[in-house]
Amino acid sequence: MGRRGLLQAPATARISCPRGWTLLAICLTCLAIASLYATGPRAYHRAAESVDARADGSRKVRPLGAANADLAASPGEEQRAVLAPARIGFLPTTPPATAANAAPNNVNASQTGTVGKTAAAKNRTKVVPQPAWPGPSKAAWLESLPAWGIRRELDWTPEAVRGRVRGAFLHAWGAYKRFAWGHDELKPISQTYKTFSHIDMGLTIVDAADTMVVMGLEGEYAQAREWIATHLDFGAVNASVSFFETTIRFLGGLLSTHYLTGDAVYLDKAVDLGARLARAFNTSSGLPEPDVHLMTGALSNSRKTHELFLAEIGSCQLEMAALSRLSGNETFTRLAEAAEGVVLESPSWDGLRTTSMSSFSRRWWGLYSMGNSADSYYEYLLKRHIQARALGEPPETSQKYGAEFAKAMAGMARRLVRKTAHGLSMLADVGVARDNEARRMHHLACFVPGTLALGAATTTLFGDRADEMMALARELALTCYSFYKTTRTGLGPDIVSFPMDADYDMAPTGVNGNHLRPETVESLFVLYRLTGDRKYRQWGMDIFVAWETYARLPAGGYSTLLSVADPGSHGDSQESFFLAESLKYLYLLFEDPAVLPLDEWVFNTEAHPFSLDRRWSPEAGRRTFEWLMSRE
């Protein structure tokens with residue numbers, strides 16, 4: 001009756017077999033058991049070795065579409081499903097490998113200082129299948145992808161997502177309080193702290209205070225306010241500080257929290273700090289020196305040829321104008337505008353300027369770029385135009401900034417935008433001689449989609465090119481999102497290169513870590529507010545899921561990643577901008593547009609909002625505070 005029939009035969013049939021056959025069956029069974037005993041341990045060890053190989057990062061991720069091809073061929077709701085929820089209800093997300101990220105997956109874990117690799121490996125689950133890349137348009141393919149790891153039954157209404165983002169903030173803030181309170185920034189792995197300028201000034205507290213107000217975290221805000229009121233003393237800082245960083249983080253944070261609360265303690269601190277920073281302009285050129293001693297006013301520039309970066313010169317105008325308006329002292333605005341005038345009077349290439357200049361010779365060099373050392377200069381051209389126009393400053397001020405912004409964005413579109421082989425738009429770096437270029441894009445340049453869209457939708461600066469500029473903003477936002485979507489961890493690297501002679505868009509560079517930067521989420525927030533397109537919320541959710549999966553540390557805090565290809569390569573740093581910018585923009589992405597509407601508030605480059613209401617008063621600030629604290 002064959003083997004299957006024998007196994008299913010009744011017991012009486014087996015007992016009736018001849019005794020000889022029964023003995024033979026018993027012997028064969030014993031031999032089989034002995035064989036299993038002898039080979040089983042070896043087989044077990046081979047399997048264990050295979051599992052260990054996966055845990056140490058050497059496992060190759062299967063190519064896109066190679067596994068679960070039946071699901072990949074018919075994308076739909078099943079692709080969003082699935083396995084076990086992660087710590088906050090989201091799935092650990094390991095995006096599929098493509099040719100674009102094959103090289104990062106080959107990073108040898110032993111060559112990178114890593115922490116917690118085994119734990120990271122245990123938290124990973126199998127890849128949620130994605131639809132295959134269908135052909136020449138990678139841009140269209142990226143647009144078609146479903147979200148990673150969102151469980152079908154998960155409540156991800158805007159209210160629920162805001163609650164989860166608020167929880168992430170509390171996780172980061174709680175670790176800072178336990179291990180670094182009063183110091184500048186948390187080192188989450190060693191559970192200690194680091195200083196900003198050789199002396200602690202409570203950077204994370206000042207930088208994140210307005211985020212607590214926006215999120216309605218009244219208890220945490222009260223703790224921050226008490227520390228600022230009783231411990232923050234800039235006159236006791238016997239050290240030189242970065243003019244740029246201190247302006248956008250400390251001065252911007254104090255002004256913003258004053259606008260949101262009406263509390264005079266912040267304005268008093270801001271006026272004191274502003275007066276100390278204003279001494280940086282005490283130069284023959286009127287340009288601010290990079291470092292100023294807060295106690296003595298001594299200036300310093302240790303760089304060769306007294307180099308100044310474009311962003312250092314052009315990223316103080318919002319803060320100084322706000323400080324002048326609130327304090328009644330026009331000196332702050334006058335100094336910042338004079339420095340901006342030096343830049344605007346210099347030659348440009350279709351409105352573009354290189355990243356560096358000498359404060360002595362005023363000679364320009366470096367790169368034409370929207371990334372590092374240049375980024376917020378272009379951002380402030382638009383935002384200073386918006387601020388001056390809204391607050392009724394002399395028309396020539398807003399017109400000057402607006403015209404320069406429109407010229408620079410047209411120059412960017414003509415000189416820096418490149419199309420990849422598969423349909424993505426990217427922003428290249430071009431050398432000062434204009435005869436060579438680097439086809440790479442900085443994550444810092446991902447502020448451009450939001451800023452470009454803000455200019456196209458809320459001003460008339462682009463004239464009949466407004467729709468064209470909005471379309472370019474959307475294209476660049478897709479490219480910035482692809483930084484995340486096409487890596488093993490779902491986290492975007494600091495710099496991405498786009499080779500011309502390869503069959504993929506992105507290749508790893510030497511700067512492939514993730515620092516939990518805000519620029520992409522910032523642009524998604526602005527684009528969602530301006531267009532109402534829900535995909536920008538979905539993209540923001542994808543980024544948040546990746547942060548929660550690979551950057552969140554169980555003991556508290558969030559860490560950077562040294563390589564987006566290595567899920568366990570945690571860096572020992574929790575930057576203040578993660579609380580001040582990244583989580584704030586993500587929270588606002590899912591917030592009601594009536595909260596900090598873009599026609600009533602302008603954000604500085606550290607995500608600190610300044611009011612555009614000419615009638616603003618401390619009483620209006622107190623009403624704003626009470627309203628925000630009363631929201632769920």
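Q: Where in this predicted model is L516 found, and why is L516 called buried?
A: In this predicted model, L516 is found in the loop between β15 (507-508) and α20. Its relative accessibility is 2%, and because buried means under 20% relative accessible area, L516 counts as buried. The backbone of L516 also has a positive phi of about 60°, although L516 is not a glycine.

Q: What makes D350 partly exposed?
A: D350 has a relative accessible area of 25%, and since buried means under 20% and exposed means over 50%, that value falls in between, so D350 is partly exposed. D350 lies in the loop between α15 (331-344) and β7 (354-358), and D350 has a positive phi of about 55° although it is not a glycine.

Q: Why does T605 count as buried, and what does the UniProt record say about T605?
A: The relative accessibility of T605 is 16%, which is under the 20% limit, and therefore T605 counts as buried. T605 sits in the loop between β18 (601-603) and β19 (609-611), and the annotation "binding site", taken from an unreviewed UniProt entry, covers T605.

Q: How do you know that the side chain of T605 makes a polar contact with the side chain of E379?
A: The value given for this pair of side chains is 2.8 Å, and a polar contact needs a pair of N or O atoms within 3.5 Å, so the pair of T605 and E379 qualifies. Not counting residues up to four places away in sequence, T605 touches I248, S376, E379, Y380 and E581.

Q: What makes H570 a buried residue, and which side chain does the side chain of H570 contact?
A: H570 has a relative accessible area of 10%, and because the limit for buried is under 20%, H570 is buried. H570 belongs to strand β17 (residues 570-571), and its side chain makes a polar contact with the side chain of S559 at 2.7 Å.

Q: Why is T211 called buried, and which residues is T211 in contact with?
A: At 0% relative accessibility, T211 is under the 20% limit, so T211 counts as buried. T211 lies in helix α9 (residues 203-215), and, leaving aside its neighbours within four places in sequence, T211 is in contact with F169, L579, A580 and K584.

Q: Why does V265 count as buried, and which residues is V265 in contact with?
A: The relative accessibility of V265 is 14%, and because buried means under 20%, V265 counts as buried. V265 is found in helix α12 (residues 264-277) and, leaving aside neighbours within four places in sequence, is in contact with R225 and A229. The C-alpha atoms of V265 and I228 are separated by 8.3 Å, with the two residues 37 apart along the chain.

Q: What lines the largest pocket, and which element gives the largest share of that lining?
A: The largest pocket, with a volume of about 630 Å³, is lined by 31 residues, of which F244, E245, I248, D375 and L444 lie nearest its centre. The elements that give two or more residues to this lining are α11 (243-261), α13 (310-313), α16 (375-390), α20 (519-531) and α22 (576-589). The largest share, four residues, comes from α11, and the lining residues divide into eleven nonpolar, six polar and 14 charged.

Conventions. Residues are numbered from 1 along each chain as its sequence is written. This is a predicted model: local features need pLDDT of at least 70, side-chain atom pairs count only at pLDDT 80 or more; totals for chains, interfaces and linings use all residues. Side-chain values use heavy atoms; hydrogens and water are left out. On a 1 Å grid over the protein atoms alone, a cavity is a set of points where a 1.4 Å probe fits but cannot get out, and a pocket is an open set with protein on both sides within 12 Å along at least five of seven lines; lining residues have an atom within 4 Å of a point. Grid points are joined across faces, edges and corners, and a volume is the space filled by probe spheres set on the points. Ala, Val, Leu, Ile, Met, Phe, Trp, Tyr, Cys and Pro count as nonpolar, Asp, Glu, Lys and Arg as charged, and the others, Gly among them, as polar. Buried means under 20% relative accessible area, exposed over 50%, partly exposed in between (1.4 Å probe, protein chains only). Contact means heavy atoms within 4.5 Å. UniProt positions are given in the numbering used here, feature names are shortened, and annotations may be inferred rather than shown by experiment. A polar contact is a pair of N or O atoms within 3.5 Å; within protein, one must be able to donate a hydrogen and the other to accept it, and residues adjacent in sequence count only if both atoms are side-chain atoms.
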